Amino acid sequence: MSELPGMSLPTGFRFGASTAAYQIEGAAAEDGRGPSVWDTFCAEPGRIVDRSSGDVACDHYHRLDEDLELMARLGLDAYRFSISWSRVLPTGQGEVNRRGLDFYDRLVDGLLEHDIAPMATLFHWDTPQVLQDAHGGWLSRKTAQRFGEYAAVVADRLADRVAHWCPVNEPNVVTVFGHALGVHAPGQQLVFDALPAGHHLLLGHGLAVQALRAAGAGSIGTATNHMPVWPATASEEDQVTAGLLDTLWNHSFADPVLLGRYPKDLAPLFPVQDGDLEVISAPLDFYGLNYYNPTAAAAAPEGSANPIEQPPIPGYPTTDFGWPVVPDGLHDLLTALHQRYPDHPPFVITENGASYNTSPGDDDADRIAYLDLHLRQVERAVTDGIDVAGYYCWSLMDNFEWAEGYTQRFGLVHVDYDTLARTPRESFDWYSSVIAAHKSRR
């Protein structure tokens, strides 16, 4: 399994790995960083499974050189990281924290020294707490406007060297998990009243695209979570519910970006003002999608606060997170997106990976199999004529897994959270061999 036999991926296809600032950086109260909603959320009892936080995480902030060496050893073509908004602008706006920007300067320069193309995500869920307190965070248009200003600040420093940009990571996850269901920061349970946050996240994306273009930034795209939605049963109620979830999760966040409109069934729930959709649908250089698994949908019992239930999908192996392993779902997803958006820019898999809680020296065959099978589905899509330009494994290293704390391990590199020692897993060597084999064909 050291290679993908007969691989027909394009010559310029990029193999990368992804991380996020709050999940790996640590140094939460150092060098002028301001608090984010995740700092606040983690401090609230009962929010995080193991009562942990990202205060230290993987200490990437202090171990940057060590982590760059790991990336170079892996042979990455590209590395996707996120920038902490409150590390750059501690209050979300106004005076720039130069020490915060300096860190990302060093990161970008270090990547380029190792011939690794940087992909910067401007927002990976860590809204500055000051903006949340001032006007409700993403429930307000003001946060979208502040986000555009923040994008301009970062672009002014980094646009000359960052190859690829994702303004907003998974706006659908932030909307649903953070504002509708309350299982992520900021912990609100607004159900469908959360959709204004989704619109403002998309507006922030569009305003950031404007700022990046004005600064002469290179390739700009997205990183939106997508998943096939299957009815839990053949009942009419479950069929309708699956259609609703598919529209909400997949189309309400892709249609505005790629078609310039919301799906008509949900459009009245988004607070669109004149010109918003033109901003949101600005042309992109790639469409990034994060795929992990399909989901099932069932109608909830009458009177339930949430009208949609998502029962387990039987008949498939599961990761240690309990997520079903369905590699064909990635091909189905790429095919469905290609058909719905025939004029789409090249697709990039900006996240794909699996949690298996192995220790150093343990058999890592399950993670290798997961990555292998999903890469084969990317190859299959390319063979079908779908333009896929890259694949970024989630994740480079074990990290703070949001509400699950440190109980789930997605990393190619094992992290000992007591000593912070990094130990590459078998999947690290396997992925390195896949990258090297592809490079040899160039």
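In which loop is the place of Ser36? Ser36 lies in the loop between helix 1 and helix 2 (37-43), where helices (H or I, at least four residues) and strands (E, at least two) are DSSP runs numbered from the N terminus. The model is a predicted one, in which local features need pLDDT of at least 70 and side-chain atom pairs count only at pLDDT 80 or more, while totals for chains, interfaces and linings use all residues. Residues are numbered from 1 along each chain as its sequence is written, and side-chain values use heavy atoms, with hydrogens and water left out.

The chain as a whole may be considered next. Its secondary structure comes to 14 helices and 14 strands. The radius of gyration of the chain, taken over C-alpha atoms, is 20 Å, close to the 22 Å that the globule rule gives for 442 residues, so the chain is as compact as a globular protein of that length. That rule is 2.2 Å times the number of residues to the power 0.38. Along its principal axes, the C-alpha trace spans about 55 × 50 × 45 Å. Of the 442 residues, 61% count as buried; buried means under 20% relative accessible area, exposed over 50%, and partly exposed in between (1.4 Å probe, protein chains only).

Contact means heavy atoms within 4.5 Å. Among contacts between residues at least 6 apart in sequence, 77% join residues at least 24 apart.

The buried residues of helix 5 include Gly100, Leu101, Phe103, Tyr104 and Leu107. The buried residues of this helix pack against several elements, among them helix 3 (64-74), strand 3 (117-123) and helix 7 (141-158). Just after helix 5, Asp115 takes a positive phi of about 60 degrees.

We now return to the loop. Ser36 has 0% relative accessibility and therefore counts as buried. Leaving aside neighbours within four places in sequence, Ser36 is in contact with Tyr22, Ser86, Asp126, Thr127, Pro128 and Gln129.

Asp39 is found in helix 2. At 16% relative accessibility, Asp39 also counts as buried. Apart from neighbours within four places in sequence, Asp39 is in contact with Tyr22, Ala28, Arg33, Gly34 and Asp55. The C-alpha atoms of Asp39 and Tyr391, 352 residues apart along the chain, are separated by 30 Å.
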